[in-house]
Amino acid sequence: QVLAGALEVVSIDAQPNPVTGGQTLVITVRVASPPIEPRDVELLANGDVFGNLVIPAGATTGELSLPIQPGTPPAEITLTARSGGTEASVPLTIQ
C-alpha cells in the first residue's frame, strides 16, 4: 500500500554497472505515475540514506548523476530507491 502523497517506485537502474573510480554513475528511478509537483525519492546504499532524487512534475523518471571519486575501493553495494512504503533495488559493483 502506497502512503497518501507518496510515489510508487517501480524500478531503479544504475549505469555504468560495474562503475570505476573517475566515472560518473547515473541513477535512474521510475515511478508508476507522474507527480503533480516535483517529488523526492530517497536513495539508500546498503540501507543507509545518502541522498534524494527528484521526480519532476509530470514525469515518471528522474535521474541523479553521481561522480565516483578516483581511488574509491571496490565494493558490492545494493542501491535502493524508496518512497512511501514502496521501494526497488539494484546491485551495483564498484571496481
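Me: Which residue in β6 stands opposite L43?
Reply: It's A81 that L43 faces in β6. This is a predicted model, where local features need pLDDT of at least 70 and side-chain atom pairs count only at pLDDT 80 or more, while totals for chains, interfaces and linings use all residues. Residues are numbered from 1 along each chain as its sequence is written, and side-chain values use heavy atoms, with hydrogens and water left out.

Me: What makes β6 a strand?
Reply: Strands are DSSP runs of E with at least two residues, numbered from the N terminus. β6 covers residues 75-83, so this run meets the cut-off and gets the name.

Me: How do you know that β3 and β6 pair?
Reply: Two strands pair if DSSP finds at least two bridges between them. β3 and β6 have four, in the antiparallel sense, so they count as a pair.

Me: What about β3 with β4, and β6 with β7: how many bridges are there?
Reply: β3 and β4 are antiparallel over seven bridges, and R39 has I55 in β4 as its bridge partner. β6 and β7 are antiparallel too, over nine bridges, and here A81 stands opposite A88 in β7.

Me: In what order do the strands sit in the open sheet?
Reply: The four strands run β4-β3-β6-β7, with antiparallel pairing.

Me: And why are β4 and β7 called edge strands?
Reply: Because each of them pairs on one side only. On average, neighbouring strands in this sheet are turned by 25° against each other, direction ignored; the axes behind that are lines fitted to C-alpha atoms (for helices, over the stretch in contact), and angles run from 0 to 180 degrees between N-to-C directions.

Me: Why is N46 called partly exposed?
Reply: Buried means under 20% relative accessible area and exposed means over 50%, with partly exposed in between (1.4 Å probe, protein chains only). N46 comes out at 49%, so it's partly exposed. N46 sits in the loop between β3 and β4, and has a positive phi of about 50° although it isn't a glycine.

Me: Which residue takes a positive phi in the hairpin of β6 and β7?
Reply: That's G84, near 50°, in a hairpin with two residues between the strands.
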